[in-house]
Amino acid sequence: MESFIITQEQESRYDRHNLIDWWEQPKLKAAKVLIAGAGALGNEVLKNLALIGVGNITVIDFDTVSITNLTRSVLFREKDIGLAKVEVARQQILEINPEISVQAIHGDLEFDLGIGEVKEHDLIIGCLDSVNARWAINQLAYCAGIPWVNGGMGIAEGEVSFFDPNTEAACYECSISDQMWQRRNQRYSCQGLKRNIPESTMPTTATIASIVGAMQVQQALLYLHGKTGLLQPGEKIFLGLNPWMAFKVQIQRQEECMAHDLTIQPTISINYQPSLRVQEVLQNLEKSGYLNPTLWLRNEIIGRMKCLSCGYEEHVNKPLRQYPESELACPNCKLEERDFEVFSNVTLSESSQDLLFQDLYLPNNEILHCDTSQGQIAIQFCQ
Ligand SMILES: [Zn+2]
Ligand SMILES: [Zn+2]
């Protein structure tokens, strides 16, 4: 007996998208989007990007899942408590859409994200909850020349803004008020060390996270299609849910804002090796005709710490702003707060003889300025 199989025309995952006349799924598949933060907003943004089929996603966050995240983080479950947010999020969105690729970076965006790494993306979406973290991603975005979408939320209000270093429009830093700077600076001691301040806990809910996250992704979607829609560069939209209202404002460009001059294009690249002496690279630069090189770091580094009481000495080699103020006391005599040296550049001087690249705490794929007698160059440290 003959059997017949009735085949319907095969439906594909993106069929409903393809009914939209301006939609270009291949563009989204090719897109590379960096998500800073995997909290409530990050969860919503990642979920939407995966559903939509954005092909290449990088997510960075230093935090682990806690029970309080479970009221508004669609990707986290009770069994995930204690695990790195980025790793759980990565696995969950791959389950939502196995056709995409996801890179998870469990780290601090201020110290663990190289400019070269950021440059590999088309767009950044900031899902952050502090002025400091937004300031840091704005710096990275402007160094790399990559636009970014910022989101923020309260209990029944939210905001989304859009910044593009390739325009003359205002950036996030332009919008930081004196009061916000003060709040940000409270995180550091007068010497610049990290203060142990408990993370602020903000009241918020899943509904506002969904709305703000969806608006961020809508902005991203339009941008990736080369469309302007929701927001122009330097614009911010405010949302109120109780009572319902929404309005847009143009953020004012501050002439003295330094972020707009940060954009850096690598002129040479060097193979990064943690065990390589920094001096060796500087000497090679001289051999290539770049005389008197001064390599500038993006983050100041604590070199040596010394106790003036007992003489105990230690090579710390950690970013200044990552070193806890509470660890300044001498571990040997416990009497004194230690003295320390800070450096923000390396030259061919005696004092930096033994410095290795690992002591500079460079993130993967970092790009740094280097002043030479022949002018300024920018070095990309490829891994
Ligand atoms: Zn600015
Ligand atoms: Zn001591």
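Let's say two residues are in contact when their C-beta atoms, placed from the backbone, lie within 7 Å. Keep in mind that this is a predicted model, where local features need pLDDT of at least 70, side-chain atom pairs count only at pLDDT 80 or more, and totals for chains, interfaces and linings use all residues. Residues are numbered from 1 along each chain as its sequence is written, while chains are lettered from A and ligands numbered from 1 in the order in which they are written.

Start with the overall layout. The chain splits into domain 1 (15-261) and domain 2 (268-382), with bounds that come from an automatic or database domain assignment. Between the centres of the two domains, taken over C-alpha atoms, there are 31 Å. Where they meet, 14 residues of domain 1 are in contact with 18 residues of domain 2. On the domain 1 side you'll find five nonpolar, five polar and four charged residues. Here Ala, Val, Leu, Ile, Met, Phe, Trp, Tyr, Cys and Pro count as nonpolar, Asp, Glu, Lys and Arg as charged, and the others, Gly among them, as polar.

Now for the sheet. Strands (E, at least two residues) and helices (H or I, at least four) are DSSP runs, numbered from the N terminus. Eight strands make an open sheet in the order E3-E2-E1-E4-E5-E6-E7-E8, with mixed pairing; two strands pair if DSSP finds at least two bridges between them. At the edges sit E3 (101-106) and E8 (244-250), each pairing on one side only. From one strand to the next, the twist averages 15°. Look at E7 (residues 235-241): it runs antiparallel to E8, joined by seven bridges. Lys236 stands opposite Val249 in E8.

Next, the helices. H3 (residues 40-52) lies across E1 (32-36), E2 (56-61), E4 (123-126) and E5 (148-153), at about 170° to E2. H4 (residues 85-96) packs on the sheet too, touching E2 and E3, and its direction makes about 170° with that of E3. Angles run from 0 to 180 degrees between N-to-C directions, and axes are lines fitted to C-alpha atoms, for helices over the stretch in contact.

How do these two helices sit together? H3 and H4 pack at about 30°, with their axes 9 Å apart. They are therefore roughly parallel to each other, a label for angles under 35 degrees. Asn43, Leu46, Lys47, Ala50 and Leu51 of H3 meet Ala89, Ile93 and Ile96 of H4. By class, that contact has six nonpolar residues, one polar and one charged.

Definitions and conventions. Angles under 35 degrees count as roughly parallel, over 145 as roughly antiparallel, 65 to 115 as roughly perpendicular and the rest as oblique.
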